[in-house]
Amino acid sequence: MKILQQYIAKNIIASTLLVLLVLLGLYTFMDFIAELDDLGKGNYQLLDILTYIALTMPKRIYELLPVAALMGSVIGLGNLASQSELVAMRAAGVSIKDINKSVLFVAGVLMLVALVVGEILRPVAEQQARELQSVSQTGTEGVRSEHGFWTRDGNHFNHIERINSDGSFANIAIYEFDDNNRLRVLTQAAEAEYQQDSWILSDVVQSTIDISGVKVRSVSHARWKSQLNPGMLNIVVVPPEFLPIWDLLEYVQYLEQNHQSVAQYELAFWSKMMMPLSTAVMVLLAVPFVFGPLRTTPIGGRILVGTLVGIGFHLFNQSFQHMGLVFGLFPSMAAAFPTMVFAGLAWYMNSRVR
């Protein structure tokens, strides 16, 4: 029995990988065409576009995995049914429950893939992709570390401890060096907000270093002209859906401590928690397509229906989450409700299979 279950699982996984490759090829080509609109912007050249497309591949894999899981499972099981292999298995005593065990194994594998891609590969690759794109287009250099963000602007080296959700900076330090690489001015500010073409610094303490010593002066506000601009935020401000779960939790705690809105980040957290489960639900939905009312439908019809169901789930999931933000629903409910609806649908349809 285990040999047959492994055989079914291998067919489903192979079909899922094939569907995923086809979808990746289509979406990658569309993204490549879209990026060509920015060709020549700053130093953004064709090689940069190709590198950016390669770095954003984990994002596309993560987003397409649920749809690919459903379509791949339908195709895998459908091929076995069209070749009468499933009929032979049923005649040999293999029950729907045994077939579901194979499907559940595939669901577990795909859940693990979703976790690895979404929480390990995607955040790192997306950060590098956004940095490459922003540096190439704006010409501003920057790097992110666990202690904050560093940017270079000519002879100025800027350290930003934290970037708030509204784009303002908290605890910024500006180190100005002369042509001999000697520190001349250190400017520290509690906050910085971008207005028009410059930054407005608040609670400023400036230390000037020369041969006579160090001179310190304090002002409440100061204007700072710099090449550092909101476009640079693409490097360091990553949308919440691209952050790993542990970073999301840390940032939510920070926002709560500073009495800022956390709904968007809590929704991203719960969406990431539900993503592996959504992939598993899509796989389980494939069984009724083969043994349920569609069992007499040609494989092309099953694939079409599976595609429509997968797209329908994706649109419903995205729409309901945005509606949840607009109408103030609990983020956990907004993220979980679409998956729970389709999970209930999968359970109901499987219970009717004989």
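The points below take up a helix, a pocket and the salt bridges.

1. The model is predicted, and the points that follow should be read with that in mind.

2. Helix 1 covers residues 2-35. Its 34 residues should span 50 Å at 1.5 Å a residue, and the 48 Å between its end C-alpha atoms agrees with this. Buried positions in helix 1 include I8, I12, S15, V19 and L23. In general, residues three or four places apart in an α-helix point the same way, because there are 3.6 residues a turn.

3. The largest pocket has a volume of about 980 Å³. Of its 34 lining residues, E63, R122, H314, N317 and Q318 are the closest to its centre. Helix 1, helix 3, helix 8, helix 10 and helix 11 each give two or more residues to the lining, and helix 10 gives the most, with 10. By class the lining has 18 nonpolar, 11 polar and five charged residues.

4. E63 and R122 also form a salt bridge, at 3.9 Å from N to O. The pair joins helix 3 to helix 5, with the two residues 59 apart in the chain. E63 is partly exposed because its relative accessibility is 40%, whereas R122, at 5%, is buried.

5. The structure holds five salt bridges. D178, R182 and R184 are linked in a network of them: D178 meets R182 at 3.3 Å and R184 at 2.9 Å. D178 is buried, with a relative accessible area of 16%. R182 is partly exposed at 43%, and R184 is partly exposed at 27%.

Note on methods: Residues numbered from 1 in each chain as written. Predicted model: local features only at pLDDT ≥ 70, side-chain atom pairs only at ≥ 80, totals over all residues. Heavy atoms only, no water. Helix = DSSP H or I, 4+ residues; strand = E, 2+ residues; numbered from the N terminus. Expected span 1.5 Å × (residues − 1). Buried < 20%, exposed > 50% of the residue type's maximum accessible area, 1.4 Å probe, protein only. 1 Å grid on protein atoms, 1.4 Å probe; cavity = no way out; pocket = protein on both sides within 12 Å on 5 of 7 lines; lining within 4 Å. Points joined across faces, edges and corners; volume = space filled by probe spheres on them. Nonpolar A, V, L, I, M, F, W, Y, C, P; charged D, E, K, R; others polar. Salt bridge = Lys/Arg side-chain N within 4 Å of Asp/Glu carboxyl O.
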